[in-house]
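Here's a quick tour of a protein chain, from its overall build down to a few side-chain pairs. Have a look at the model first, then read on.

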Amino acid sequence: MTDADCLSGALQAISVSTELIEEELKPHLDTMLAALLEKKKDAAIEIAGSGILPTLAEALRSKSCLSCQVALVVAEMAREAAVREPCIEAGLVKVLVPHLSSNNQEMLLNTGRAIGRICFDSSHQQDQLVQSGVIPRLVSIIREYPENEPLVNVCLLALCNLADMDSARDALTDLDVAGILTVQLKRAPDAERRHIILEILGSLGESDTLKLQFAESGVPEALSEMIQGLQGGSDPHDLCSIKIASNLIVSLLLGDESMQKCFGEGSSLVYQDVLSWLQSHNSQLQLSGALAIANFARNDSNCVKMLDLGVVPHILTLLEQHVDEGDVSVQHAGLSALRNLAIPAANKVRMLEDGVTERIKTLLRSDMPPVQFKLLGTLRMMVDGQEEAALALGRDAVLLARVMEWCEAKDHAGVRGEASRLLAALIRHSRSPEVVHAVAKADGVRHLISMATSEHVIMQNEALVALAIASAIDIESVKDPFRQAELLPMLKKMLEDPVGAVEVKFSALGLICSLADSNVMKMELNSENMKESLSALTEHSSSKLASQATSILATLNDTS
């Protein structure tokens, strides 16, 4: 009799049986299992189509001594995608789940494999599994049998498949899953196991509650230790593990509480390791290190502490390594870190004294828009409230020439916007005739006027305030660019805009007020019939706006 005949005979015998007799069923199970293990073509489909699945379900439901073998048959069948739906329809998943409470490790292994394969690509079944309480049981199995590699692997794969579900994350919040995962990470026999655990940690770490749990349970330290052990090699699997783990640490720092826990006032193992990443030859670790510093620098006290601990020179050295033909992502992340560190006023002063602006100006030659964008934002942050820094940068002809190029970046609106904002910041924070003259000479005034018509209120205000300051301290330098760019008609239109923001109108009035102090510009304002627009504003619902309009109107009417 051929193998095919043997399988057909076994299926026929089971299908005509009216009651389940274990002694009779066992040899038929042996035949089915042999066909499946030998990878006989379409064996699984033949079994599923024979009508015996309810009989297998009944054998599992009755918890007979054949349950372990039946679970193995189902597990081997379910390797074939086509039979998974019939298995679900026959109720096999439902009768398999209770066997996850077995004390028999082989039964647990077969059951776990069977359930995992049947439910692999069925979100509905996965949700049903979570509802039926499999999550605590999977965690318990790993905790009870931590050295049973095949069994642990099955449970980890199951958790990996379920970890994207909110219900699964909720079920895991009270189970100290971090503890068992870090233990398994430390004893992972190969890269494949590491990656399964890292994927679970990554999915679960999207929950803020679990982020904090992970931080409190030593997950970042375990990841950092793993990275430390894998550094220096060239194995692609190890390098992949380093990338996933370092990205995971960065993601855990996105939660405020978990970030603060990992920072540990700058004395934690995680922070010390992050500093070492900045000095690594691995560009992925450099990137993660810079992103981690940017995340740590989300509050002023951390920023001040990190400056005390000397983080800035490491970032500057890293940026300088990547100036030519460097990694754009690393440059972008490094500049983000510097920008965040420069937010506290005390830090700005210290960073300027340490020559930070001079060193990062080497990035001006970058042709990469993401780097240009971040560099401009970092320089703008550095001059915020810093008169001397704004004066130094505003007098720098090379910097201004490059900024002018970026003001006209055709393919990157973000770079254009940031370049104009830096120009405005240089004037606003320096309040220097020398800077106004330099910006005007570099043809920057027209970019500020263009910025005043931006769709973003904050940018409109920054431009209008800068133009008001410029006209107040050096009207001679700016009056011709004002005329060429038709500033006055633009201001009139701004005042008359029925849906224009009140704060923008107020900033526009500030500029008009400044212009009205110049006899030449006062005449041009009257020629433009600005009084008509101002008169309309004297009745505005904003008393502040109405008062300012009335005051300027008086100035324009004063012929003395």
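A salt bridge here is a side-chain nitrogen of Lys or Arg within 4 Å of a carboxyl oxygen of Asp or Glu. Arg 483 and Glu 524 make one, with their closest N and O atoms 2.6 Å apart. Since Arg 483 sits in helix α33 (residues 475–484) and Glu 524 in helix α36 (residues 519–527), the pair ties together parts that are 41 residues apart in sequence. Arg 483 is partly exposed at 34% relative accessibility, and Glu 524 is partly exposed too, at 23%.

Keep in mind that this is a predicted model. Searching the whole structure turns up 32 salt bridges. Here are three of them:

| Pair | Closest N to O distance |
|---|---|
| Arg 483 and Glu 524 | 2.6 Å |
| Glu 206 and Arg 169 | 3.4 Å |

Glu 206 is exposed at 53% relative accessibility, whereas Arg 169 is buried at 10%. Elsewhere, Arg 380, Glu 418, Arg 421 and Glu 462 are joined in a network of salt bridges.

Zooming out, the protein chain has 38 helices and zero strands. Its radius of gyration is 35 Å, well over the 24 Å that the globule rule gives for 560 residues, so the chain is more spread out than a compact globule. Along the principal axes, the C-alpha atoms fill a box of roughly 120 × 50 × 40 Å. Even so, buried residues make up 53% of the chain. Of the contacts with a separation of 6 or more, 71% are between residues 24 or more positions apart.

Met 382, in helix α26 (residues 369–383), has 0% relative accessibility. Beyond its neighbours within four places in sequence, Met 382 contacts residues including Ala 342, Met 351, Leu 352 and Ala 389. Gln 125, found in helix α9 (residues 123–131), is buried with a relative accessible area of 12%. Leaving out residues up to four places away, Gln 125 touches Ile 88, Val 93 and Cys 119.

Methods
Residues numbered from 1 in each chain as written. Predicted model: local features only at pLDDT ≥ 70, side-chain atom pairs only at ≥ 80, totals over all residues. Heavy atoms only, no water. Helix = DSSP H or I, 4+ residues; strand = E, 2+ residues; numbered from the N terminus. Rg over C-alpha atoms; globule rule 2.2 N^0.38 Å. Buried < 20%, exposed > 50% of the residue type's maximum accessible area, 1.4 Å probe, protein only. Contact = heavy atoms within 4.5 Å.
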